[in-house]
Amino acid sequence: MKQNIVFIGMMGTFKTATAERVAAALRMPLVDTDAVFEQRFMPIDAYFAAHGETAFREEESRIVAEVAASGNTVISCGGGAVLRRENVDALKTRGVVVLLTASDEAIIARVGKAETRPLLKADVENNVRRISAARRGLYAACADITVDNTDSTVDDCCARVLAALREYGYNS
């Protein structure tokens with residue numbers, strides 16, 4: 001049974017904020033995989049600088065597997081969680097996967113200078129466009145529900161996600 005609600009998507013698509021509101025509305029616990037990572041290790045940008053992306057993705061996969069095994073939990077994933085097939089399989093097995101999307105322009109505006117986002121540093125605009133293009137198909141293949149929030153507030157996005165979950169037939 002798919003008991004978890006899993007949020008995926010690019011950075012700047014309101015994953016964490018929407019997941020927080022959905023968890024509160026449904027009275028479910030919330031786990032943010034990036035927050036778990038930072039509690040266990042260090043800030044993600046510092047970890048990237050010290051150990052590189054490959055080491056980060058290894059630890060991220062361990063966290064995703066652990067969190068995905070829980071039940072009746074809202075899970076907010078880091079944007080790159082879909083890069084590994086084992087993560088996608090773990091998340092889809094026990095979760096309804098909600099993809100939050102926004103235009104590249106909206107994401108660029110939301111992330112600002114992206115000083116703590118290691119994959120965006122140096123050239124935010126081009127890096128957002130490059131990463132978005134590279135991941136678009138992975139996100140779509142993983143998603144059970146897609147909600148675009150290019151022109152939405154977090155509250156609007158949350159309401160749309162809750163409506164989509166009802167339409168999908170989700171019940172915890």
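User: Hi! Which residue stands opposite threonine 146 in β5?

Analyst: Leucine 99 stands opposite threonine 146. One note first: this is a predicted model, where local features need pLDDT of at least 70, side-chain atom pairs count only at pLDDT 80 or more, and totals for chains, interfaces and linings use all residues. Residues are numbered from 1 along each chain as its sequence is written, and side-chain values use heavy atoms, with hydrogens and water left out.

User: Thanks. How many bridges join β4 to β5?

Analyst: There are 4 bridges between β4 (residues 95–101) and β5, and the two strands run parallel. Strands pair if DSSP finds at least two bridges between them. Strands here are DSSP runs (E, at least two residues) and helices are too (H or I, at least four), numbered from the N terminus.

User: Which residues of β5 are on its covered face?

Analyst: Ile145 and Val147 are on the covered face of β5 (residues 145–148), while Thr146 and Asp148 are on the uncovered one. In a regular strand the side chains alternate between the two faces of the sheet.

User: Switching to helices: at what angle do α6 and α7 cross?

Analyst: The axes of α6 (residues 104–111) and α7 (residues 124–142) cross at roughly 130° and come within 10 Å. That makes α6 oblique to α7; under 35 degrees counts as roughly parallel, over 145 as roughly antiparallel, 65 to 115 as roughly perpendicular and the rest as oblique.

User: And which residues make that contact?

Analyst: From α6, Asp104, Glu105, Ile107, Ile108 and Val111; from α7, Val124, Glu125, Val128, Arg129, Ser132 and Arg136. Contact means heavy atoms within 4.5 Å.

User: New topic: is alanine 19 buried or exposed?

Analyst: Alanine 19 is buried, with a relative accessible area of 0%. The cut-offs are under 20% for buried, over 50% for exposed and partly exposed in between (1.4 Å probe, protein chains only). Alanine 19 lies in helix α1.

User: What does alanine 19 touch?

Analyst: Leaving out residues up to four places away in sequence, alanine 19 touches Phe7, Phe14, Leu30, Val74 and Ser76. The C-alpha atoms of alanine 19 and phenylalanine 7 are separated by 6.9 Å, with the two residues 12 apart along the chain.

User: What about the phi of phenylalanine 14?

Analyst: Phenylalanine 14 has a positive phi of about 70°, although it is not a glycine. Phenylalanine 14 sits in the loop between β1 (4–8) and α1 (15–26), and counts as partly exposed because its relative accessibility is 21%.

Methods:
Axes fitted to C-alpha atoms, helices over the stretch in contact; angles between N-to-C directions.
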